[in-house]
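Dear colleague,

Please find below the structure that I am handing over to you. My notes on its aromatic residues follow.

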Amino acid sequence: MAAPFLWPETVSADASAASFNTEGIAWHSYGEGLDRAQAERKPIYMLVHATWCPTCRAFRSVFFERRVEALSRNLIFVLVDRDQEPEISQAYAPDGDYIPRSMILSPEGVLQEALDSGRSDYRYFLPVEEPGPLIGLLGQAMRSTG
């Protein structure tokens, strides 16, 4: 992917963010997440979702897992609503604008294409039933940038 898409810093995580465990995880908007990641030199975990998506709703439960909460302290978590922020969603859709998409970005916002789900189709779609695949992806992100 070329240079990252830049988005105004005024965009904030949508109102449904609480469903993604805002008590245990510090979620950020895209602009704020980029700023923090660059300042703290941490990779970004970006979740692209939609409030109406049943698969996205099912995925919310994994963010309440203690291991995911613990790993979130080592990355910057960014929540992007595909419908509210279509430009960001489309800028980070190398294999389609499906949801949910779990992506690892460099602190500068560049997609780390090698850090994916391991699927040949829908490379950034993780199984939503249990936290293991997300925990694995977050661990890979920390090892590759740490």
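A residue counts as buried under 20% relative accessible area, as exposed over 50%, and as partly exposed in between. Tyrosine 122 has a relative accessible area of 42% and is therefore partly exposed. Tyrosine 98, at 12%, is buried. Please bear in mind that this is a predicted model.

The search of the whole structure returned ten aromatic pairs. One of them joins phenylalanine 20 and phenylalanine 63: the ring centres are 5.8 Å apart and the planes stand at 70 degrees, so the arrangement is edge-to-face. Phenylalanine 20 belongs to the segment before strand 1 (27–28), whereas phenylalanine 63 sits in the loop between helix 2 (54–59) and helix 3 (66–72); the pair therefore ties together parts that are 43 residues apart in sequence. Both phenylalanine 20 and phenylalanine 63 are buried.

The two tyrosines mentioned above, tyrosine 98 and tyrosine 122, also form an edge-to-face pair, with 4.9 Å from centre to centre and 80 degrees between the planes. Tyrosine 98 is in the loop between helix 4 (86–91) and strand 4 (101–105), and tyrosine 122 is in the loop between strand 4 and helix 5 (132–145), so this pair links parts that are 24 residues apart in sequence.

Finally, Phe20 and Phe63 belong to one aromatic cluster together with Trp27, Tyr45, Phe59 and Phe77.

With kind regards

Terms used
Residues are numbered from 1 along each chain as its sequence is written. This is a predicted model: local features need pLDDT of at least 70, side-chain atom pairs count only at pLDDT 80 or more; totals for chains, interfaces and linings use all residues. Side-chain values use heavy atoms; hydrogens and water are left out. Rings of Phe, Tyr and Trp (its six-membered ring) pair if their centres lie within 6.5 Å; planes under 30 degrees apart count as stacked, over 60 as edge-to-face and the rest as tilted. Helices (H or I, at least four residues) and strands (E, at least two) are DSSP runs, numbered from the N terminus. Buried means under 20% relative accessible area, exposed over 50%, partly exposed in between (1.4 Å probe, protein chains only).
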